[in-house]
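Colleague: I would like to learn how to read a model of this kind, feature by feature. Where do we begin?

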Amino acid sequence: MAHIALFLHGLSAGGVQRSTMNLAGELIRRGHRIDIVCCTDKGAGRAMMPVEAALWPLRRQTRLGYAPLAWRAQPAARRLMMKPVILPLFPQKAMFYLPALAAYLAEQRPDALISADTYCNIGAIWARELAGVNTRIVVSERNTLSVQLQRPERRNAWRWRHVPQLIGATYPLADGIVSVSDGVGDDLSALCGVPRHAITTIYNPVHFGTGLEQRAAEPVEHPWLQPGEPPLLLAVGRLVKPKDFATLIRAFAILRHMRPARLLILGEEQERGERARLLSLARALGVGADIDLPGAVANPYAYYRRAAVFVLSSYREGLGNVLIEALACGCPVVSTDCPHGPVEILENGKYGRLVPVGDADAMAAAIAATLDAPLPRDFLRERGAAFSADRAAAAYLALCGLGNSELDESPTLGRAGIQHVA
């Protein structure tokens, strides 16, 4: 039995948290001891945590608490860390927890630590250096960095312009580097100079089998999901601008003027005012009565099972966990062809229609076509099964030096070539 820590920024109900908890559950099923280490333990994602996992919320420090430690952790990168870490007026929050993370590693000495997201990854590598332990570090990049750098709404965006060079100097110090899609891995290598052969693609894990089937079969009280109601379109994701639910609402309005339908968007609000903005847009388009945003739910699988079409409207995704979850439940899907995951998940449209980012007319047409001729649900479930948690767990364990991958359709894990694990 190995002691493995999973390091997250927080416990919101986002895709990073859901996939991490799925991985934790599979590692526990295999007999490993799991710690969930996080900067904050608040959020709806806490309900997804396996009961067998131990929760380790870290204590926040001041800038004066973390800056000297960052300076000491990687002397060769001091010049590169100035603008993205030391000097920003609004530092990335994960940095404030660097001292506590180093203390956790020094005290608990897990065999491996798997981190998620850019600044958590950098912090994990530095924390090991500061703690002086032999814990193996595997970092996972969940988003397309080049797209993130173009986000106009990002506060202190100049800080992110200097992150790629720091990544290029820091990530190679990890024992394993993971991207959640081939596109994210290609982008990480091209933008940051990380050797492509050092990056392993491991798709985010989704639980399957009787557990998922039982959850998908659970009753749902929402009145729009009862027999005899109009077809329901479903979207799942945090209420943030990159999910581009505004384009989805515009597409729904086009569709709604042609045929009966309803739209349900599940997800917690993480950008203040976003829910009100979306509801205001729905009212302005005359479809306010047919759209509901009830927030995050503990069991989205029951909604996937009963929806007529699942729609992903994002203008960027590292992978698109919700697409995988929808397929696993046999729900027909429509997705934007955003960087980078959907085209890989749907195999260029084989398992669901792909539409241009931000094109409401194309999205409405694709939804209508899917309603008229949905793909067989068993066909979709079979595709979803390619992203099972047991395959992802085997791949992570191999990178951590804690097991060998026995995946029939994947090359041997290592650092000798471009690796890919479905």
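Modeller: With a single residue, keeping in mind that this is a predicted model. T370 has a relative accessible area of 3%, under the 20% cut-off, so T370 is buried.

Colleague: Which helix holds T370, and what does T370 touch beyond its neighbours in sequence?

Modeller: T370 belongs to helix 16, residues 360-372. Leaving out residues up to four places away in sequence, T370 touches V309, P332, V333, V334 and R353.

Colleague: Which backbone oxygen lies 2.8 Å from a polar atom of the T370 side chain?

Modeller: In an α-helix there are 3.6 residues a turn, so residues three or four places apart point the same way. Here the backbone oxygen is that of A366.

Colleague: Is E129 buried, exposed or partly exposed?

Modeller: E129 has a relative accessibility of 44%, so E129 counts as partly exposed. This residue is found in helix 5, residues 118-131. E129 and A73 are 56 residues apart in sequence, but their C-alpha atoms are 5.8 Å apart in space.

Colleague: How far apart are the end C-alpha atoms of helix 1, and what span should its residues give?

Modeller: Helix 1 covers residues 15-29; at 1.5 Å a residue, its 15 residues should span 21 Å, and the end C-alpha atoms are 21 Å apart, so the two values agree. Of those 15 residues, 13 are buried. Just after helix 1, G31 takes a positive phi of about 100°.

Colleague: How many disulfides are there?

Modeller: A disulfide is a covalent bond between the sulfur atoms of two cysteines. The count here is 0. For C331, the nearest cysteine sulfur is that of C329, 8.0 Å away. C331 has 0% relative accessibility and therefore counts as buried. For C400, the nearest cysteine sulfur belongs to C120, 16 Å away. C400, at 1% relative accessibility, is also buried.

Colleague: How many residues does the largest nonpolar core have, and which of them have the most contacts inside it?

Modeller: In soluble globular proteins, nonpolar side chains tend to be buried together. The largest core has 49 residues, and F7, V85, W126, I167 and Y171 have the most contacts inside it. Elements giving two or more residues to this core include strand 1 (3-8), helix 2 (63-73) and helix 9 (182-192). Helix 5 supplies the largest share, 8 residues. Among the residues that V85 touches are Y66, M95 and W126. A second, separate core has 37 residues, including V220, L266, Y303 and L346.

Conventions. Residues are numbered from 1 along each chain as its sequence is written. This is a predicted model: local features need pLDDT of at least 70, side-chain atom pairs count only at pLDDT 80 or more; totals for chains, interfaces and linings use all residues. Side-chain values use heavy atoms; hydrogens and water are left out. Helices (H or I, at least four residues) and strands (E, at least two) are DSSP runs, numbered from the N terminus. Buried means under 20% relative accessible area, exposed over 50%, partly exposed in between (1.4 Å probe, protein chains only). A polar contact is a pair of N or O atoms within 3.5 Å; within protein, one must be able to donate a hydrogen and the other to accept it, and residues adjacent in sequence count only if both atoms are side-chain atoms. Contact means heavy atoms within 4.5 Å. The expected span of a helix is 1.5 Å times one less than its number of residues. A disulfide is a pair of cysteine sulfur atoms within 2.5 Å. A nonpolar core is a set of buried Ala, Val, Leu, Ile, Met, Phe, Trp, Tyr and Cys residues joined through side-chain atoms within 4.5 Å.
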